[in-house]
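Could you take a look at this one with me?

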Amino acid sequence: MIISPVVLENRWVRLEPCAPALKEELATALNVDPEAWATMAGTGHGDHFEAWWAAALAQTIAGSRVAYAVRRLADGALVGTTSLYEIRPEHRRCELGATFYRPDARGGVVNPACKRLLLGHAFDAGAVRVEILTDVLNPRSQAAIQKLGASFEGRLRSHKITWTGRVRDTALYAIVADDWPAVRERLDARLSGM
């Protein structure tokens with residue numbers, strides 16, 4: 001399994017692998033809604049952006065992550081970031097997440113369009129399992145993951161320390177290769193109505 005850092009695009013979004021030319025535009029897109037960042041393990045908000053950016057680029061170069069800038073095609077605006085990360089070729093698995101969207105990009109087509117591209121990219125590359133993790137204190141994220149058709153596999157207690165120092169419990173969801181055709185069909189049907 002090789003998950004390459006390539007541009008992914010559909011009718012609604014273009015996912016652009018993080019590269020130096022995107023740095024300032026992405027910093028601006030992420031420098032909003034500090035309350036939403038509070039539930040995330042890491043942050044790209046404000047003064048934290050430089051460290052976030054350096055880690056995203058280093059992990060992409062190392063092959064353990066593909067960090068994307070999310071461009072909404074309706075207006076050409078960069079509206080956030082998402083990643084395939086914790087890429088483990090020896091186990092043919094990865095995680096989908098590290099996702100943050102500006103408030104004006106939430107609740108519409110952006111998230112399902114991104115998930116369709118990312119899941120397709122991972123499974124086309126040979127993944128047998130894609131995990132999606134979120135803070136148990138983030139019901140909005142959990143609802144979005146469940147709407148995708150991912151299976152809830154449990155609660156990981158004291159799983160991560162957030163950038164604020166809070167010990168976080170994590171809700172673990174997954175989509176396996178056998179699930180992917182039904183999840184893909186569900187996403188395609190959902191997107192066709194948008």
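Here are my notes on the cores, the cysteines and one set of strands.

1. First, a caution: this is a predicted model, and the points below should be read that way.

2. Start with the largest nonpolar core, which has 39 residues. Ile 3, Val 13, Leu 15 and Leu 119 have the most contacts inside it. Helix H4 (residues 110-124) supplies the largest share of this core, with eight residues.

3. Setting aside neighbours within four places in sequence, Val 13 touches Leu 8, Val 70, Arg 71, Leu 73, Val 110, Ala 113, Cys 114 and Leu 117. There is also a second, separate core of 16 residues, with Leu 26, Ala 27, Trp 37 and Met 40 among them.

4. How many disulfides are there? The count is zero. The cysteine sulfur closest to that of Cys 18 belongs to Cys 114 and is 12 Å away, so it is too far for a bond. Both residues are buried: Cys 18 has a relative accessible area of 9%, and Cys 114 is at 0%.

5. Now find strand E8 (residues 167-176), where eight of the 10 residues are buried. E8 runs antiparallel to strand E6 (residues 129-135), joined by seven bridges; within this pairing, Ile 132 has Tyr 173 as its bridge partner.

6. E8 also pairs with strand E7 (residues 151-161), again antiparallel and over seven bridges. Here Ile 161 sits opposite Val 167. The two strands make a hairpin with five residues between them, and Gly 165 in the turn has a positive phi of about 95 degrees.

How values were computed
Residues are numbered from 1 along each chain as its sequence is written. This is a predicted model: local features need pLDDT of at least 70, side-chain atom pairs count only at pLDDT 80 or more; totals for chains, interfaces and linings use all residues. Side-chain values use heavy atoms; hydrogens and water are left out. A nonpolar core is a set of buried Ala, Val, Leu, Ile, Met, Phe, Trp, Tyr and Cys residues joined through side-chain atoms within 4.5 Å. Buried means under 20% relative accessible area, exposed over 50%, partly exposed in between (1.4 Å probe, protein chains only). Helices (H or I, at least four residues) and strands (E, at least two) are DSSP runs, numbered from the N terminus. Contact means heavy atoms within 4.5 Å. A disulfide is a pair of cysteine sulfur atoms within 2.5 Å. Two strands pair if DSSP finds at least two bridges between them.
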